[in-house]
Amino acid sequence: MYEGIRSPAVHMPKTLNDLISASSRFPNATFWAGGTFIMSRNNYYPTRKSKDIISLNEIPELKRINRTDRYLEMGCMVTFEQMLTVGKQVLPGLLQMTLEQTATMIIRRQMTLGGAICTPGVRIALSGTLAALQAEVEIKTSLGTKTETQWIEIERIYNKQGVLQLKKNDLVTRIRVGFERETFSSFLIAGNPMINPEETVMLSFACSYNQSVISRFRMCLTFPTILFLIPLEIDLMMHGTTLPLTSQQIKRVVQSIMEEVQVIATDAVLPIQLERARRFTESTLHELNAQSLSER
Amino acid sequence: MKITCTIDNKHILLNVNSNKPLNLILMEDVEKNQTYTRCRDGNCGNCVVLLNEEAVLSCLIPAFRLKGVRILTFEGYQKSRFWHDLERAYNDTGSHPCPHCFASKTLIFESLLQMIIKSEAGPSQDEEPDNEVIVHEIGLNTCACLDAQEIIAIFKSAATYRRRRRVRRY
């Protein structure tokens, strides 16, 4: 049954330097984090196209969670379930909501942060939430004998369709989120990005306001295979606006987002996704209004 | 790739492809008939096994991750004393998972019961999963043979037996 199928070579680097040298020696190898995405593809096994594997599981630096004065730093091999044990005082509420609503505990024990943000064709909820929280990722680029390290905002590693824009010699090693807490956050998901990505919609929203004046308004709308939208002009438009929002303002925000969705996703978007996105945006803004009014 | 691991308390040397999923290894190389999947991609939840005492979907574990691990399939689990808690819970409540998902759901229940043991051993005492979590976790197996009330009743009954077992031990 499996005649002619090659057993791929598995490289298990023990340090980051080993990893970088392995990635330059085996440029076509697949980086293996938790494996939940790779192994859940229909054509995973048996296949004649299996590539060599670089397993990231043995590198202790990638499994650490650090707390500094300004940031919570997480290695890319930290699992979702480990993140949930960090505690509510440290973990942003929006991130906690997202992790809890992703899969079940049994799968969360295996899913890693790095794997979740680097899936090639499908964006799951974590990317949107980290973008709403203005998280940054550490990218290590191997340049022959040298290695370049830089921190960049997470939305810069995707294009507007959510396709990963990293080069072959780029490695995501850590993720960091600031300790600045949002006053209101919301995470909504309909559908399952792994089972029916063409119908799934996810919305992550973080907003900060002081005495009813909005100082930060950050929304990320994700359709797993066709859209990764952070409407920055709405962020600018809402900055300094007083809460509660009027029905006219809500209507304008929703309309502007829907127009942008249709421009980016064109014909690929299904009516059910559009409807879900519209309702998610509307209900989130109404909830924001309700919270701001209840604090008066 | 040669791998040594323990399957149902037996040391086994496997010679398999490094990326072969554990569920296929169990079915084809070890011939454990109770671990079978219908979906092949982690969606049916029928291939749960215990890996180092933690429940995992065996279709999401590649062969190269199996070096030195302890795997317990439902067949091996039935020989452990913990099985009797769930067996009695099924009999007490009169609800059983159907034959297709019996093995998998039982092992998911077991992983939830282990949360109680861990929480009682540690400093916090309130880590028993709430009803919503129990139903959500069992939902990993997509077979709809048990409703939410039955799932909760089975878990509560098994949890009572498991706690008694701990009390007797001390």
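**Working notes**

Tutor: Glu260(A) counts as partly exposed because it has 17 C-beta neighbours inside 10 Å; buried means 20 or more other C-beta atoms within 10 Å of the residue's own, exposed means 12 or fewer, partly exposed lies in between, and C-beta atoms are placed from the backbone. This is a predicted model, in which local features need pLDDT of at least 70, side-chain atom pairs count only at pLDDT 80 or more, and totals for chains, interfaces and linings use all residues. Residues are numbered from 1 along each chain as its sequence is written, and chains are lettered from A and ligands numbered from 1 in the order in which they are written.

Student: Which helix is Glu260(A) in?

Tutor: Glu260(A) lies in helix H9 of chain A. Helices (H or I, at least four residues) and strands (E, at least two) are DSSP runs, numbered from the N terminus.

Student: And what is Glu260(A) in contact with, leaving aside neighbours within four places in sequence?

Tutor: Leu229(A) and Pro231(A), where contact means C-beta atoms, placed from the backbone, within 7 Å.

Student: How do H9(A) and H10(A) pack?

Tutor: H9 (residues 247-265) and H10 (residues 271-294) of chain A pack at about 150°, and their axes are 10 Å apart. Axes are lines fitted to C-alpha atoms, for helices over the stretch in contact, and angles run from 0 to 180 degrees between N-to-C directions. H9(A) is therefore roughly antiparallel to H10(A), a label for angles over 145 degrees, with under 35 roughly parallel, 65 to 115 roughly perpendicular and the rest oblique.

Student: Which residues of H9(A) and H10(A) meet?

Tutor: Among them are Ile250(A), Val253(A) and Val254(A) in H9(A), and Leu274(A), Ala277(A) and Arg278(A) in H10(A). The residues of this contact divide into 9 nonpolar, 1 polar and 2 charged. Nonpolar covers Ala, Val, Leu, Ile, Met, Phe, Trp, Tyr, Cys and Pro, charged covers Asp, Glu, Lys and Arg, and the others, Gly among them, are polar.

Student: Switching to chain B: how many helices and strands?

Tutor: Chain B has 6 helices and 5 strands, in the order β-β-α-β-β-β-α-α-α-α-α along the sequence. Of its 170 residues, 41% are buried.

Student: Which residues are buried in H5 of chain B?

Tutor: In H5 (residues 131-138) of chain B, they are Ile134(B), Glu137(B) and Ile138(B). Seen down the axis of H5(B), the buried residues fall within an arc of 95°, so they line one face of the helix; the arc is that of the directions from the helix axis to the C-beta atoms.

Terms used: Two residues are in contact if their C-beta atoms, placed from the backbone, lie within 7 Å.
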